[in-house]
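Open the structure in your viewer and keep the sequence panel beside it. The stops below tell you what to select and what is there.

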Amino acid sequence: MNPIPFLGRGAVALLLGPGGATAIAQNQAPPPLLERAGTNYVLRFHGAADEPAMEAMADAALAVVEPVWPMVAKSFGVPDARPAQPLIVYLYRTIEGYETAEQALTAGRFRRNLAMSHHATHSAHVALQPPCSDETLRAVGLPGQTLTLLAWEATHIARFELCPNFADHPNWLTDGLASAIAREVMKGEFGVAPEAIPFFASQMVRVRGLLDARKLPPLKSVLADRIDDLAFDERYATRAQAFAFLASEERAAKLVKLLAKVRSFGCGEGCRKQIEEATLTTFGDQDKAFTKHVTESAPQWEEVFRSLAPHGKEWVQIAFPDKNALVWQRKPIRAKLFVASGGLRILPADAHQLNFLFGRTPEGFYSIAFVADGSWTLFDFRVKNNEWIKLGGESVSALRRGYRSSFKIEVRGKQFTLRLDDQEWKVELPRPLPPEIQWGLGAQAAGEKAAAGSAGEWFELEVLGR
């Protein structure tokens, strides 16, 4: 996917041990730290300003990780277990802060992940992501992706604590359990099913794509960790879907019994083979049922680039500095009149552009760029020549950073109409929309050297056909 046109604009060495920050190089002052303690976890928010908004975010982060422990303990058949002492989860205000800690602990192995768990210290580490301005954080709180990864990594360190043989667990178990617990926590946090959360829905889309392309490995291969020929994101998604399948209602009891047995195995050579044999004995040949599970999944979003997340009745979308956020709604609109309406608010960042996309086909799509303190522009993107054709647009005072504007888009045949607050414009499209109209949402990148990409909210979004 080529970028949508843009129309607007660690020297500290942190050494971490089981107790936290123990040394700061070059006599520099340590970064600010907000700490919150729960029954099962301690949340340490590094680099956060000492202000009410950041304190609320530390509270929110702890609220996400605290319920993880009992979920993981129940999964292993020991619901009454408690950690010997609260487990530590680090949240870093900046990616640089995370990278410094990760380098000290794992020498760059998990640098690209921006989230990791450390075996030796039983500690979890998550960068606040996508990076945001303080103004954006004050407006919307921690990004949904950050909350998801906090729950994900908290799952890993709970498993470390509960299972002496955790280092010998297969990847389908480590990644699958983390995904399953994070799904459940975010379901409660966002109030919607995983199919409606772009982070998890996109995993389902990837696995369904593998199935359609006849590249989905047999379940037996997934459970034996023989899927290295898949791409990085495909492996994570496949493990997540395999675990979700094993945890589905008709198999859940068997999975708990299996994980209880896994917990009882010894450590070292042979443990992984024991787990593989116990898994196959427990579930038998489930390949057809797994294929059916994948086929019947109904993801609502396909997130090409992160991130979009529910925020009450609104949607918060934030781009990474160097990559446009882009997500497509999976269910197309079938109608002669296409109507999209709602509100948008573009928040302060190094870029300040939200995009509404519609009419997607293999040949291209239409895109409306909303630029705060600037203009709106309608583009026709053509895949063949990687060409962005400007169809219309105008400077407009209604779009202001930090303020909400209402919009309504109507398309009938070749007639496009945009209403923005109390103004209206009409543009003739070069071709009518396809019979099935797919639409999407985007937020613009700012550039490799920028601190934060575009961020904004979509309010009361309604897209329908008449």
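Predicted model: local features only at pLDDT ≥ 70, side-chain atom pairs only at ≥ 80, totals over all residues.

Residues are numbered from 1 along each chain as its sequence is written, and side-chain values use heavy atoms, with hydrogens and water left out.

**Confidence.** Colour by pLDDT, the predictor's confidence in each residue, from 0 to 100. The chain average is 92, and 94% of the residues score at least 70. Now select residues 8-27, where the pLDDT is below 50. Beyond near neighbours in sequence, this stretch has 48 contacts (heavy atoms within 4.5 Å) in the model.

**Cores.** A nonpolar core is a set of buried (under 20% relative accessible area, 1.4 Å probe, protein chains only) Ala, Val, Leu, Ile, Met, Phe, Trp, Tyr and Cys residues joined through side-chain atoms within 4.5 Å. Select Tyr-41, Phe-45, Val-89, Leu-91, Leu-162 and Met-186: of the 83 residues in the largest nonpolar core, these touch the most other members. Another core, of 40 residues, lies apart from it and includes Phe-407 and Trp-425.

**Cavity.** On a 1 Å grid over the protein atoms alone, a cavity is a set of points where a 1.4 Å probe fits but cannot get out; lining residues have an atom within 4 Å of a point. Select Gly-144, Phe-190 and Arg-306, which are among the residues lining the largest cavity. α5 gives the most to this lining, with three residues.

How values were computed:
1 Å grid on protein atoms, 1.4 Å probe; cavity = no way out; pocket = protein on both sides within 12 Å on 5 of 7 lines; lining within 4 Å. Helix = DSSP H or I, 4+ residues; strand = E, 2+ residues; numbered from the N terminus. Buried < 20%, exposed > 50% of the residue type's maximum accessible area, 1.4 Å probe, protein only.
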